[in-house]
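Open the model in your viewer and keep the sequence panel beside it. The tour below goes stop by stop, with something to select each time.

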Amino acid sequence: MPRTLITGGAGFLGSHLCERFVSEGHEVICMDNLCTGAMQNIAHLIGLPNFKFIHYNVTDYMFVEGELDYLLHFASPASPIDYLKLPIQTLKVGSLGTHKALGLAMAKNARFLLASTSETYGDPSEHPQKETYWGNVNPIGIRGVYDEAKRFAEAMTMAYHRYHGLETRIVRIFNTYGERMRIHDGRAIPAFMSQVLRDEPITVFGDGSQTRSVCYVSDLVEGIYRLLLSDYPNPVNIGNPDEVTMLQLAEEIKAMVPETKSTITFEDLPQDDPQVRQPDITLAQRLLGWEPHVQRAEGLKRTLEYFREAIRVEDGQPAVTERA
């Protein structure tokens, strides 16, 4: 039974990865300080013989008893609303946390996978973005704490690979959505869905012409799993190249709830907000035989069902399962 440590395992992506690796027969150790993660995300895994949760801050000295085969480093605030509130913690987990995790992987001779991000490309002048593009990042802007933390983490990971010969993988994750995102996550899809379900104004920043490429979480997890098992040490884009404007996305989600009284409103564009975002996934297709399969309409439908129930619970209404 392979033994796998996933830092940030109680978060949105981390919990889906824990679930996948448990289903693949791994003994999974989930490590999280619950800064932005939540126990409810992994509640269905607690008690399984091949799953263990450790409440811990990865910026401290990391130690795990026994052997490790794989270490996936996903600990980090990942939403602007989080890393603007927690700028120093975001920088520390990307630098100190990555250093501690790499040290543990080296001590255990474990293969290491770093969760990086499309934010390493900043507000790109290349479109779509290939892995060879170095990015256009404002290092002292308000988003720089996340962007530069991830860029440093990539550099540190490659240094361990080159200097120590550690087996490493780097995934550059593009915008991902799905069940277990937080209602108050601050990103577009949770915001739009919670607003239409609560008959609140749908807030679109700027004129809504800025684009994103959104990937359903099961597709992303499949890409990460394949990358981990590959023999490629350099960064790989994993995301859905199906590009959509923010205004179009807001209109699509509004149309999914025809009874909503919400209307679209426009607010000032945040500082350094990228104007375009689209992955070139040629490398992932060639190297991993991977591409996304869940269409946006289907992924949004599944996610809306989750948010409908999550909002009922947050608003103090009985869950649908409780009424049945």
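Predicted model: local features only at pLDDT ≥ 70, side-chain atom pairs only at ≥ 80, totals over all residues.

Is it buried or exposed? Asp273 counts as buried, because its relative accessibility is 12% and the cut-off for buried is under 20%.

The side chains of Arg143 and Asp273 form a salt bridge, at 3.6 Å from N to O. Look at where the two partners sit. Arg143 is in the loop between E5 and H4, while Asp273 is in the loop between strand E13 (264–267) and helix H8 (282–288), so the pair ties together parts 130 residues apart in sequence. Arg143 is buried too, with a relative accessible area of 9%.

Stay on Arg143 and select Glu119. These two side chains also meet in a salt bridge, 3.0 Å from N to O. Both partners lie in the loop between strand E5 (111–117) and helix H4 (144–164), so this bridge ties together parts 24 residues apart in sequence. Glu119 is buried, with a relative accessible area of 11%.

Next, pick Arg172 and Glu154. Their side chains make a salt bridge at 2.8 Å, N to O. Arg172 belongs to strand E6 (residues 168–173) and Glu154 to helix H4, so the pair links parts 18 residues apart in sequence. Arg172 is buried at 7% relative accessible area. Glu154 is buried at 9%.

Which residues do salt bridges with shared partners join into one network? Select Glu119, Arg143, Arg212, Asp273 and Arg277: these form that network. For the overall tally, the model has 22 salt bridges. As a general point, side chains of opposite charge can pair when their charged atoms come close.

Strand E2 (residues 27–32) runs parallel to E3, and five bridges join them.

Last stop: the nonpolar interior. In soluble globular proteins, nonpolar side chains tend to be buried together. Which residues have the most contacts inside the largest nonpolar core? They are Leu72, Phe74 and Ile224, in a core of 58 residues. Helix H6 (residues 217–228) gives the largest share of this core, seven residues.

Centre on Leu72 and show what surrounds it. Leaving aside neighbours within four places in sequence, Leu72 is in contact with Thr4, Leu5, Ile6, Thr7, Leu17, Phe21, Leu113, Ile224 and Leu228.

Finish with a second, separate core of 23 residues. Select Ala75, Ala110, Met156 and Met158, which are among its members.

Technical notes. Residues numbered from 1 in each chain as written. Heavy atoms only, no water. Salt bridge = Lys/Arg side-chain N within 4 Å of Asp/Glu carboxyl O. Helix = DSSP H or I, 4+ residues; strand = E, 2+ residues; numbered from the N terminus. Buried < 20%, exposed > 50% of the residue type's maximum accessible area, 1.4 Å probe, protein only. Pairing = 2+ DSSP bridges. Core = buried A, V, L, I, M, F, W, Y, C linked by side-chain atoms within 4.5 Å. Contact = heavy atoms within 4.5 Å.
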